[in-house]
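Okay, thanks for coming, everyone. Let me put the structure up and talk you through a few spots.

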Amino acid sequence: MSTPADERPRSRVVLTHLGVMAAVAMVLGLLTAGLALPFVAVVGAAVKDVSEGMDDLPAELETRPLAEKTSIVDGQGNLIASLYDENRISVGLDQISRTMVESIVSIEDYRFYRHGAMDLKGTLRALVTNQANSGMVQGGSSITQQMVKLTLLDQAKTKKEKIAATDDTYARKLRELRYAIAFEQNYSKDWILERYLNIAYFGDGTYGIQSAAKHFFNKNASRLNLKQSALLAGLVKNPTGYDPTNYPERALARRNVVLDRMAELNVITREKAEEVKGKGLGLDVQVAANGCVNSPAPFFCDYVYNYLLEDRALGETKAERKQLLRSGGLTVRTSIDLNYQKAADESVQSHVYPTDQAIGGLAMVEPRTGNVKALAQSRPMGAKKNEGQTYLNYVVPEKYGDSKGFQAGSTFKAFVLAAAVKQGIPMTQTIYSPESLVLRKEDYIDCDGKPYDYGPWPVSNSTTSGSKNMYTGTRESVNTFYAQLMRETGLCEPYNLAKKMGIQLDNPEGDEYGRGAERVASFTLGVPDTSPLEMAEAYATFAGRGLHCDSRPVTAIEDAQGNLLKSYPEKCQQVLPGAVADAVNDVLRGVMEPGGFGQYIAPSARVSAGKTGTTQSGRAVWFVGYTPTLAAASMIAGANQFGEPIELGGQTVGGTYISAASGSGVAGPMWGDAMDVVAPTLPEEDFQRPNGTEIAGVLTTVPSVSGMPLEQAQQVLTDAGFTPSVGSYVNSEVTSGAIAYSAPGAGASLSSGDTVVIYPSTGYVPAEPRKGKGKKGRGRGGRGRG
């Protein structure tokens with residue numbers, strides 16, 4: 001039978017095919033020889049343009065590290081959360097099953113180990129077929145060429161670069177081929193195949209064979225069997241179209257194509273292929289959570305992420321730091337204890353419900369290390385506002401979270417107590433503390449030695465009244481006692497001590513009208529805003545016998561190869577003499593004993609100390625307590641959708657109606673329930689009884705060690721009765737390796753055995769950096785009560 005006239009190739013088409021074949025033969029001949037010569041006398045001006053463009057390309061393509069997901073883990077290596085832009089974990093070829101290697105090579109490039117950068121037979125066949133059909137119909141790219149394309153796409157940053165990396169043109173093919181030749185010349189076949197398997201997209205958000213194996217089958221790539229390998233090998237051609245989670249029938253058919261091809265190539269027997277083709281997909285899909293939402297500690301995870309975003313050692317800009325965290329394949333080792341976290345979560349969730357017009361939060365910090373052991377809040381992380389979910393982190397300082405905090409009430413009395421003891425005011429000194437009195441603001445001396453303000457200041461009690469000393473005035477949280485005690489200490493020392501202990505105070509004098517001032521007479525009643533983490537960190541200083549350690553959520557970061565990228569050592573400084581902290585502990589343990597407001601919430605398994613806090617009108621209630629080895633701060637605050645504190649009284653919170661809010665009655669039980677679970681796992685330690693002689697002022701002066709060699713400085717401090725600790729190197733003009741300074745500095749008074757940190761000098765002083773604008777303060781005025 002003769003061919004119809006309209007189906008016969010026209011002479012022009014035939015000549016075009018021949019021209020393309022001649023051009024391809026010429027181009028391929030030059031490229032496969034690895035030459036970079038101009039293509040002249042080749043059929044068609046277009047080919048000439050392509051050849052001249054080839055000369056402008058670099059001979060090699062830089063292979064940047066692939067984006068990998070970052071893992072946030074606890075101290076035991078348990079996964080807390082993953083962060084990624086591309087869900088990828090790179091693995092070596094020796095960590096990929098042989099069956100997977102055979103499957104991918106069989107279906108994508110069966111002669112991969114026998115040809116160079118390209119498969120001439122496959123490429124010629126594809127080019128001719130595509131020309132005959134006036135477009136791109138067949139592929140013909142080798143695995144090396146595909147790897148080049150994926151690399152170009154992976155490294156494309158602009159829209160123009162992405163288009164150039166995926167254009168269906170001969171120009172792109174030739175450009176990829178040039179790069180492919182360079183790869184074949186500089187790298188082994190195994191290296192190329194390994195990178196290909198790690199860079200390839202396998203659908204449903206998974207990049208690389210390891211992530212695909214874990215996602216679709218909950219297996220490591222090294223344990224993939226034939227059925228699983230054939231399915232994954234079939235996905236790379238069209239990861240979306242063959243996605244087994246959306247199109248299982250297509251995925252099954254594609255898997256069987258791979259099996260047939262493997263049998264055709266005698267990689268497996270026909271019988272084996274038919275056997276496996278008779279089986280289902282066998283998926284065991286694992287959701288690869290991205291971010292903190294599905295973490296067992298979502299707000300701790302959020303804190304870690306924001307904490308690292310502030311670390312300039314991880315990148316010059318916040319954008320660079322974010323990219324590293326989301327694509328660097330890091331392992332972030334943290335301080336959290338998931339058992340503590342579980343106890344905190346369960347207590348908070350039982351005392352404050354997500355949809356309550358209140359927010360509950362609890363933070364746990366380890367004394368003498370600053371390790372953050374748990375962060376919990378009542379509103380779960382998420383976008384479903386009608387279910388009480390939120391992305392706002394209320395438990396941490398505003399720098400790392402989303403809330404400016406809440407007034408802490410009488411928990412701030414502890415800072416005045418510590419300052420008074422340090423100044424040598426007798427702990428048994430009696431002050432008559434009536435139910436109410438009017439004091440003069442001009443009697444409260446500020447840091448400049450002058451009154452902070454003028455005028456009357458009325459103060460009243462909400463608990464007991466009468467003659468009180470530091471023990472009874474604290475145990476019963478007597479406002480008029482502490483208002484008078486702060487008149488004796490002055491404003492400066494309690495305020496500065498609170499800052500040294502971790503409270504983020506930044507607005508001492510308020511705005512031009514004095515609004516929002518923090519360093520005021522009512523400081524002792526807790527008018528500054530703060531967070532549970534800040535309060536836990538501060539009270540951990542008392543538990544640590546005056547050694548303050550910055551809150552530390554991260555202990556170390558490792559790179560994708562497991563090498564230490566950065567360590568985060570403890571940052572501690574003795575801010576109170578040990579004997580003074582011992583005295584404060586002795587007073588605050590009375591709060592947990594009979595007659596104290598915390599007697600019914602004290603954990604029975606361990607000794608404890610603590611302080612209640614209730615703000616004016618009961619907008620926020622607190623309980624901050626600690627054992628010698630763990631401090632925790634519990635807070636419940638009235639909070640609605642507008643963000644301003646509202647009264648807790650008259651509300652139902654956690655299923656319980658609150659007629660009058662108090663720190664001991666509302667926040668205290670939440671603290672107690674969490675600590676009851678945790679306390680039995682803590683070391684059996686007691687607080688050290690205060691040394692009356694040292695409290696009375698017989699302290700030891702820190703000697704000067706500046707300029708001394710390290711060992712000499714350590715010996716001098718040891719001989720003086722202190723415990724020396726070596727800090728990080730600091731820039732100074734002191735000779736390199738010698739001690740630049742100590743903290744506390746020379747002349748400070750401490751108790752025997754207290755820690756003095758010494759800082760060796762680098763011997764170098766860099767140019768002073770340009771100063772930026774300071775952070776604007778946000779304090780609020782107001783009064784608190786016990």
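When I say buried, I mean under 20% relative accessible area, with exposed over 50% and partly exposed in between, using a 1.4 Å probe and protein chains only. Quick caveats: this is a predicted model, so local features need pLDDT of at least 70, side-chain atom pairs count only at pLDDT 80 or more, and totals for chains, interfaces and linings use all residues. Numbering starts from 1 along each chain as its sequence is written, and side-chain values use heavy atoms, with hydrogens and water left out.

So, helix α13, residues 298–309: 11 of its 12 residues are buried. Among them are Phe299, Phe300, Tyr303, Tyr307 and Leu308. Helices here are DSSP H or I runs of at least four residues, strands are E runs of at least two, and both are numbered from the N terminus.

Next, how do α11 and α12 pack? Their angle is about 170°, with the axes 8 Å apart; axes are lines fitted to C-alpha atoms over the stretch in contact, and angles run from 0 to 180 degrees between N-to-C directions. That makes the pair roughly antiparallel, a label for angles over 145 degrees. Arg255 and Asp260 are among the α11 residues that meet α12, where contact means heavy atoms within 4.5 Å.

Last, the open sheet: 5 strands in the order β2-β1-β5-β15-β16, mixed pairing. Pairing takes at least two DSSP bridges between two strands. β2 and β16 are the edges with a single partner strand each, so one side of each has no neighbour in the sheet. β15 and β16 run antiparallel, joined by 3 bridges, and Ala556 sits opposite Ser567 in β16.

Methods:
Angles under 35 degrees count as roughly parallel, over 145 as roughly antiparallel, 65 to 115 as roughly perpendicular and the rest as oblique.
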